Amino acid sequence: MPTGIVVGAGVFGASLADRLALEGWEVTLVDAREPGDPRAESGGETRLIRCSHGADALYARSARRARELWLELDPDLLVESGVAWFARREEGWEADSERVLGRLGIPVERLTPDEGARLFPSLATDDMAFVLHEPEAGVLRAGEATRALVSRAREAGTRLRLGEAVPAGAAVALEATVLEADAVVWASGAWLARLFPGLVDLRVTLQQAVLFQAPPEWRGPGWVDFEGALYGHALVEPHGLKVASDADGPPVDPSTRPLEAGREAVAAARAYLARRFPDLADAPMASAPACHYSLTADSNFVFARHPEHEGVWLLGGGSGHGFKHGPALAEHAAAVLAGRAEPEPRFALGERRPSASFRTAGSG
Ligand SMILES: Cc1cc2nc3c(=O)[nH]c(=O)nc-3n(C[C@H](O)[C@H](O)[C@H](O)COP(=O)(O)OP(=O)(O)OC[C@H]3O[C@@H](n4cnc5c(N)ncnc54)[C@H](O)[C@@H]3O)c2cc1C
């Protein structure tokens with residue numbers, strides 16, 4: 001039986017531990033914190049899952065496959081609310097997405113602004129050229145989904161060890177022990193850059209979201225205002241209605257960053273709420289969580305072999321859009337570890353050229 005150690009029980013590491021365990025590996029999963037902890041990038045309340053990635057087909061396919069895998073894990077983790085893209089231009093990310101999704105046979109529809117307005121009890125559409133609607137997209141319950149992956153991995157035999165791990169050549173030092181396995185995968189999120197300086201280059205930024213209380217008729221789709229670099233979702237109980245900026249925030253240390261959004265971020269979210277969803281202008285705030293992005297230069301993920309240690313792999317660089325892909329990325333990684341596939345060249349280590357976003361126009 002092949003053996004594996006995965007360091008990091010965020011969505012990337014938990015998905016991989018789960019996949020390897022399901023494929024018959026003996027897996028040890030290590031994390032410094034409990035799975036779903038708000039200090040991790042995967043520990044938040046909600047994450048959008050959508051297939052639109054502009055002209056890019058790889059991530060569109062990956063998101064679609066991931067959706068199947070999430071539903072297989074537990075259909076209740078996905079609020080299949082649809083996602084509405086507020087397209088401000090006829091030709092742009094949304095039009096490119098529409099073409100790619102059409103080609104791949106992924107459900108998508110172009111709505112006039114008036115038709116789009118019917119998706120919400122009140123929506124200002126004066127700046128929209130059209131609304132691109134993905135009816136089978138939606139919202140993942142992030143912290144719960146991460147914990148569900150870890151639970152299934154454990155049911156399949158994975159051992160969960162809590163503690164701070166340190167690279168020790170091809171092995172993993174964990175407190176007084178040294179762990180060894182056929183494959184060691186560091187899926188350590190924003191901490192990857194610190195653990196492997198000179199190999200993984202990540203910008204870690206503070207990101208802030210605000211959730212508002214809303215009446216039940218506000219159950220509805222996720223939404224993305226690509227040109228405005230904002231996104232969120234209608235009411236998802238018990239969390240609320242979310243408004244978040246997707247613009248790259250200031251650099252932060254993931255171990256010490258704030259866990260709550262600041263006053264300016266809350267005021268900006270309320271201003272957008274009042275502008276875009278006028279009936280909710282005075283809605284009470286429910287919560288204001290802060291998190292961090294771990295950004296690669298080109299928004300592509302990292303999955304690559306360590307150049308000095310044959311059995312050691314690095315997995316991360318979620319770049320603010322990784323959550324939804326977790327189980328599909330793990331399927332790819334597991335196939336590579338088992339020798340059934342070659343690693344995706346885009347995920348390789350080395351210098352990357354800054355390129356188009358896979359989130360919104362707000363990513364630098
Ligand atoms: C505000 C916000 C909104 C987002 N919205 C979306 C969205 O709508 N859709 C989407 O798809 N994605 C979204 N993302 C991105 C997505 O959440 C991330 O890409 C994803 O969660 C990254 O997961 P990860 O497993 O790489 O990292 P993490 O979840 O951070 O996991 C890494 C884990 O490694 C552990 N660790 C690190 N170092 C060590 C060590 N030395 N020893 C032991 N354990 C260690 C940490 O404790 C942590 O648990 C969003 C992110 C943020 C912050």
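Three strands, in the order S10-S11-S12, form an open sheet with antiparallel pairing. Strands are numbered from the N terminus as DSSP runs (E, at least two residues; helices are runs of H or I with at least four), and two strands pair if DSSP finds at least two bridges between them. The antiparallel pairing of strand S11 (residues 171-174) with S12 comprises 3 bridges, and Leu 174 stands opposite Thr 177 in S12.

The structure is a predicted model, in which local features need pLDDT of at least 70 and side-chain atom pairs count only at pLDDT 80 or more, whereas totals for chains, interfaces and linings use all residues. Residues are numbered from 1 along each chain as its sequence is written, and side-chain values use heavy atoms, with hydrogens and water left out.

The loop between S11 and S12 contains Glu 175. The phi angle of Glu 175 is near 50°, a positive value in a residue other than glycine. Most residues other than glycine have a negative phi, and most peptide bonds are trans. Glu 175 is exposed, with a relative accessible area of 63%; exposed denotes over 50%, buried under 20% and partly exposed the range in between (1.4 Å probe, protein chains only). A positive phi, near 70°, also occurs at Ser 299, again a residue other than glycine. Ser 299 lies in the loop between S19 and S20 and counts as buried at 6% relative accessibility. A cis peptide bond, with omega of about 5°, joins Glu 237 and Pro 238. Pro 238 is located in the loop between strand S16 (230-236) and strand S17 (240-245).

A second open sheet contains 6 strands in the order S9-S2-S1-S13-S21-S20, and its pairing is mixed. Strand S9 (159-162) and S20 are the edge strands, each pairing on one side only. From one strand to the next, the twist averages 15°. Strand S2 (residues 26-31) pairs with S9 in the parallel sense over 4 bridges, with Val 30 opposite Arg 161 in S9. Strand S20 (residues 302-305) and strand S21 (residues 312-316) run antiparallel and are joined by 4 bridges. Phe 303 has Leu 315 in S21 as its bridge partner, and a hairpin of 6 residues connects S20 to S21.

The ligand is surrounded by 31 residues, the closest being Asp 31, Arg 33, Ser 42, Leu 48 and Lys 324; a residue is near a molecule if one of its heavy atoms lies within 4 Å of it. By residue class, this shell divides into 14 nonpolar, 11 polar and 6 charged residues. In this classification Ala, Val, Leu, Ile, Met, Phe, Trp, Tyr, Cys and Pro are nonpolar, Asp, Glu, Lys and Arg are charged, and the others, Gly among them, are polar. Helix H1 (11-22), strand S3 (46-49) and strand S19 (290-295) each contribute at least two residues to the shell, and S19 gives the most, with 3 residues.

Within the protein, the side chain of Ser 188 reaches the backbone oxygen of Val 7 at 3.3 Å. Ser 188 is placed in the loop between strand S13 (183-186) and helix H6 (192-195) and counts as buried at 10% relative accessibility.

Terms used
A polar contact is a pair of N or O atoms within 3.5 Å; within protein, one must be able to donate a hydrogen and the other to accept it, and residues adjacent in sequence count only if both atoms are side-chain atoms. Axes are lines fitted to C-alpha atoms, for helices over the stretch in contact, and angles run from 0 to 180 degrees between N-to-C directions.
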